[in-house]
Amino acid sequence: MRRFVGIVALVAVVGLLTGCDLEREVEKVLGAISQAFLEMSYSTSDDPLLVELTESVGRRVAEVSPRRDMPLKFRVFNTGEANAFALPNGRIYVFRGMLEMTDTEDELAAVLAHEAGHVAGRHSLKQFRLSLGIGLLADLLNLDKRSETLQTVASIASTLYQLGYSRQQERDADTYGLRLALLANYDPNGSVALFRKFAQEEGKRARWLIYLSTHPPSDERWRRAKEAVTHLGSIERDLPAFAAHTRIADGYAKRGLYRQAMRHYEAALSEQPNYVPALLGLAQAKEAWGERDEARRLYERVLEREPNNAPAKEGLERLRLTPSTSSSFVPRPSLPTLRPDLLAQVRDEWERIQRLAAQRQPAAFQVASDTMGLGRTLWERLSALPPVTFGYGKTTGSGARLTIRFNSRTERQEPSPFDHWQDERRWQALMQRWDDSYDACVEAMLALHAATAEWEGMQDDARQAMTMWVKMLQGATKGEWQPANLQQAQSWADEALRVAATLHRLLVTAEQDEDNLQNLSRQVQRAVTALTSAASLLQRGRSSFDWAAELRLIDAQTFAKSALADAKALMKRFADKRAEVERALLTTYRTRLSALEEKTPKPVVTQLLAYHLRTPTETVTTVQQATPDAGAAALLLAVAKVQRKDALVLAQGLNFKGEWLQQLVPQRVPVGAKVALRWLTTAWEREFEPPKDDETKK
C-alpha cells in the first residue's frame, strides 16, 4: 500500500511538472508548511496601527493581482531586519525593519507588489522544483510517512526560505511590482525611490544586508524602474500614459495630497486635453485646495464633454452654495518673527550637530554592516553542517547533524550488550550536549542580529530628525517659513535646542556602543567556531576524539550563553537610549507638521490626518478642536490608535503647555505611530516641493 501511495504521489508530481492542475495544490502545501515553520521562528507584530497600515496597502495590491486562485494575505514580523518575502500560497511577510525604512506608502506598495509578483509568477515553486527535483516533492505528497513529518517540514521550510530567486525572476517581480502598484493607484515612483535608497545605502545599512543579498544589484534595479517610469505608458499595455497619470492622481487625491494629484492630472491633460476623468479629478483637487474659479472652469469643461456628468454638476452646486470666504485659502504670509540672535543660536547648535554626525556616522555604518555581515557568515557556517547519522548506522530526525561513532571496538568486532548499552548512554549524553550547544549558538546569533538592528534603528531615527530640522532651519533662514508669532518662535527654538541636545548625547556615546557591538559579535563568533570545531572532530569517527569534541561543545555553550547575557544587557541600554531619541523624533514630527499646517487648507489637513492615521474624519475633527495644532493632533491620534484608547479622552487628560509628550509616551514610541507619522510628514512635505527630474511630465 505504501509503495502504491508513493507511486501515485510520484505520478502526481510528474503531472505537476508538465503543467497539471495539481500545481496550485502543491503551492498551497509548500506554503502551508513554510508558513508553520516561519511563524514558529518569528513573532508577529501586535501593533494595531502597523498591522493596519500594512494590510490596507496590501489589500489594494491584492485587488489587482492576477492570481485570483491564490488570495494574498499579509503579516508583519516583529523583528528589526529590513526584509520581506512571499510564500507560494500567497502569504506575504514584511519585517518591521522594512516598514521602519520606508518613507512613504508608495514605497511599501512597491515592496508588497514586488512580493506579489513572485506569487503571480509562481517563482517559489519553480525554484523549489529546480533545486530539489521530483523526489522531495513526492515525499511531500506522501502523507503515509507520518514518522518523518517534523523532519520533512523543517527541511522543506528551511530550504524554501533560503532558496532565493534567479536574477530573471527578480527582474520579472520588479516588472510585476511596477504594474501592480500602478493598477492599485500608487505612484510607481515609489519603486524608483526605494531602489535609489537601496543603491545609495548598499553596503551601509546592516538591516538591509539579507534582503539586498538575495536581489540583483540595486543600481540596475533603479535604472530599470526609472526607465519604466519615464515611459509611463509602457508599464501596463492597456493603460496609456494619460490614463496612468490619472490613476496615480486619483490615488494621491484619496490621501489628501491634492497638489501631487494636480501635477499628475495636468500631465494627463497635456497628452489628452479633453480626458474627462482627468478634468473632473483636477476640478475636485482645485476645489479642495480653495482655487474656486479654476475649479468652476474645469467643472464646466467636463459638462461640455458630458452634459449629464453628476459629479461635475454637484461640484458646481457646491461652489454656488458655499461662500467664497469659507472655502478659499490664502497661505499666511511669512513674517520675520524669529529674532536674528535666536535663529543664529539654533543654527550654530545644529551646525555643530551636523559636523559631529559627519565624523561619527561612517564608523557607525561600518560597524553595523560588519556585525550583520559576520552574523550572516556564521549562520551560513551553521547551515552548512552535514546531515547526521550516528551510532551503528541508524539515522535520526531529532536535529542531530553529524556522523558519530563512539567506540573503536566496533570496527574490529561486534560489541557486547554492555558495550552497546554504554555507547548508547554516551551517545545520548553527547547528543544532548550537541543540541544544547547548537540551540545556544542560534539564540546568540539571533540576539546579535536583534541588537544590531535595534542600534541601527536608533541611528535611523536620529538621521530622520536631523534631516527635518535642517529643512526647517533652511526655510526659516531663507524666509520661506516662520513661526506664526513670537511665542511660537520661542517654543520652536526651545524644541530645536532640546532635540539637538538629545542627538548630541547619542553621537558622543556612539563609540562605546560600537565597541559593545563588536565585542558581542566576537563572542558569537567564538561560540560558532567552537561548535563547528566539535563537528569536525566528531565526523572523524574515532572514539579518541569524543572527549575533545565534548570540550569544544562546552566552550560553544559557554560562549553563546555569555553572548546572550551581554546582548540582553546591551538591548536594555539601547532601549533606554532609543526611547529618548524617539521622543525627540516625535517632537520633530510635531514641529514639522505644525509648520506644514500653516500652508494647507484646514479641510485638507483633516483629510491628511484621517487617511494616514487610519482614523475616521469625525474623530480627527474632534481631536483637532482639543489640541493646539495639527502636529499635536497627529501624535495624539497615532498613539491612541496603537494603544486602542479614545483619542479625545487622552487629549482631555493632557496639559499641552507642559511636558505632555512624556506623559503621552512614557517609554518606547510604538512602531506603528512612528511609521504613520513618517509617511504623513514625508508626503506632506512633498506637497510643497517641486517635482524632481520633471517626473510628472513623462
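A residue counts as buried when its relative accessible area is under 20%. In this predicted model, K286 has a relative accessibility of 10% and is therefore buried. Its salt-bridge partner is E266, with 3.9 Å from N to O. Because K286 belongs to helix α14 (residues 276–289) and E266 to helix α13 (residues 258–271), the pair ties together parts that are 20 residues apart in sequence. E266, at 38%, is partly exposed.

The count of salt bridges comes to 39. In one of them, K197 and E107 bring their closest N and O atoms to 2.8 Å. K197 lies in helix α9 (residues 189–201) and E107 in helix α5 (residues 105–120), so parts 90 residues apart in sequence are tied together. K197 is buried at 12% relative accessible area, and E107 is buried at 1%.

A salt bridge of 3.0 Å, N to O, joins D461 and K674. This pair links distant parts of the chain, with D461 in helix α19 and K674 in helix α28 (residues 671–686), 213 residues apart. D461 is buried at 6%, as is K674 at 5%. Both belong to a network, joined by salt bridges that share partners, that also includes R96, E100, E454, R578, E582 and R668.

The model also contains an open sheet of 3 strands in the order β1-β3-β2, with mixed pairing. Strands β1 (73–77) and β2 (84–86) each have a single partner strand, so one side of each is left without a neighbour in the sheet. The twist averages 15 degrees from one strand to the next. Helix α3 (residues 48–63) packs on the sheet, touching β1 and β3, and its direction makes about 150 degrees with that of β1.

Definitions and conventions. Residues are numbered from 1 along each chain as its sequence is written. This is a predicted model: local features need pLDDT of at least 70, side-chain atom pairs count only at pLDDT 80 or more; totals for chains, interfaces and linings use all residues. Side-chain values use heavy atoms; hydrogens and water are left out. Two strands pair if DSSP finds at least two bridges between them. Helices (H or I, at least four residues) and strands (E, at least two) are DSSP runs, numbered from the N terminus. Axes are lines fitted to C-alpha atoms, for helices over the stretch in contact, and angles run from 0 to 180 degrees between N-to-C directions. Contact means heavy atoms within 4.5 Å. A salt bridge is a side-chain nitrogen of Lys or Arg within 4 Å of a carboxyl oxygen of Asp or Glu. Buried means under 20% relative accessible area, exposed over 50%, partly exposed in between (1.4 Å probe, protein chains only).
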